[in-house]
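Welcome, and please have the structure open as you read. This report walks through side-chain contacts and charges.

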Amino acid sequence: MKTIRDFQRMKIEKEKISMLTCYDYWSACIIDNSDIDAVLVGDSASMVMHGYESTVFADLNMMCYHIKAVSRGIKNKFIIGDMPFLTNRKEPGFLIDAVDRFMKAGAHAVKIEGADGNLEIIDFLVKSGVPVMGHLGLTPQSVNQLGGYRVQGRDEASSKKILDDALRLQGAGCFSLVLEMVPSALAKVITETILIPTIGIGGGAGTDGQILVLHDMLGMNKNFNPKFVRKYMNGYDDILQALNHYNKDVKEGDFPGKGESH
Ligand code: KIV
């Protein structure tokens, strides 16, 4: 299993880091046998797996449920658990208990969105033995504050703020940093400025690694086609075809055949 030391080495050796989200046992089993470097049990689970309209609806119980399922399927990959909305804004004891639950559920690290107001607690977690991944740019838990899912850091002031925040998160001890929906040029500058690996999503090719939502790259949602997603299969169409094929075989008495019967 690759660890945070490997991710650091990979940055230095310019070996790209590949990450995907993962939310359940069966996909975890497949990813475990793949070459993917690490998985994030993202709070995007609330949208992808539960149909909520944003990640604001993820909570601790939901995240622990998914981390447990993933860790039953993944034996050889680093698992990062996403701290749900506002968990890190409650009293520190609440976050510490939440992190404890995450780690005992099978996470090896946690991800916390944003820098403002989080540095002290990140420092505390890191000094307590918990690897923390930062997340800047489009931080989806703040979608209502940001006014939608849009590219961040387009102007000088906001791009400077993201770079400054990246340095602050590095200073607080983050082992890695997700850069979501930022201009490629900014992602590259941050990657070249900070010493910890950057993992991009919608941030161009200049980051140290990439992450995608598993269901996006498998093409499971026909109506979700953002610029930054590459679909490696048409999961929606392939599954629909398989379902209808099965239905047809059942209706026509073609399934089960002799070889499929006792
Ligand atoms: O929850 C998630 O899927 C994420 C990734 C997009 C980085 O935070």
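What follows covers salt bridges, a charged surface patch and aromatic pairs in this predicted model.

In total, 16 salt bridges are found in the structure. One of them joins aspartate 208 to lysine 11, with 2.8 Å from N to O. Aspartate 208 sits in the loop between β7 (198-201) and β8 (209-212), while lysine 11 belongs to helix α1 (residues 4-12), so this contact ties together parts that are 197 residues apart in sequence.

Lysine 111 and aspartate 82 make another salt bridge, and their closest N and O atoms are 2.9 Å apart. Here the link is between distant parts of the chain, with lysine 111 in strand β4 (residues 109-113) and aspartate 82 in strand β3 (residues 78-82), 29 residues apart. Lysine 111 is buried, as is aspartate 82.

## Helix α5 and its charges

Within helix α5, aspartate 100 and lysine 104 are 4 residues apart, which means that about one helical turn separates them. Their side chains meet in a salt bridge of 2.5 Å, N to O. Aspartate 100 counts as partly exposed at 38% relative accessibility, whereas lysine 104 is exposed, its relative accessible area being 67%.

Arginine 101 also lies in helix α5, which spans residues 92-105. With 37% relative accessibility, arginine 101 is partly exposed. Together with Lys68, Arg72 and Lys75, Arg101 forms a positive surface patch.

## A salt-bridge network

Side chains of opposite charge can pair when their charged atoms come close. Such pairing can also be followed across several residues: a network of salt bridges links Asp6, Arg9, Glu13 and Glu15.

## Aromatic pairs

Searching the whole structure gives 4 aromatic pairs. In one of these, tyrosine 52 and phenylalanine 57 are stacked, with 4.9 Å centre to centre and 5 degrees between the planes. Tyrosine 52 is partly exposed at 39% relative accessibility, and phenylalanine 57 is partly exposed with a relative accessible area of 37%. The rings of tyrosine 246 and phenylalanine 255 have centres 5.9 Å apart and planes at 65 degrees, so they form an edge-to-face pair. Phenylalanine 255 is partly exposed as well, with a relative accessible area of 36%.

Which residues do ring pairs link into a cluster? They are Phe7, Phe78 and Phe175.

Key
Residues are numbered from 1 along each chain as its sequence is written. This is a predicted model: local features need pLDDT of at least 70, side-chain atom pairs count only at pLDDT 80 or more; totals for chains, interfaces and linings use all residues. Side-chain values use heavy atoms; hydrogens and water are left out. Rings of Phe, Tyr and Trp (its six-membered ring) pair if their centres lie within 6.5 Å; planes under 30 degrees apart count as stacked, over 60 as edge-to-face and the rest as tilted. Buried means under 20% relative accessible area, exposed over 50%, partly exposed in between (1.4 Å probe, protein chains only). Patches are made of residues with over 30% relative accessible area and no salt bridge: like charges are joined within 9 Å, nonpolar side chains (Val, Leu, Ile, Met, Phe, Trp, Tyr) within 5 Å. Accessible areas come from the Shrake-Rupley method with a 1.4 Å probe; for residues, only the protein chains shown count as cover. A salt bridge is a side-chain nitrogen of Lys or Arg within 4 Å of a carboxyl oxygen of Asp or Glu. Lys and Arg count as positive and Asp and Glu as negative; His and the chain ends are not counted. The place of a charge is taken as NZ of Lys, CZ of Arg, CG of Asp or CD of Glu. Helices (H or I, at least four residues) and strands (E, at least two) are DSSP runs, numbered from the N terminus.
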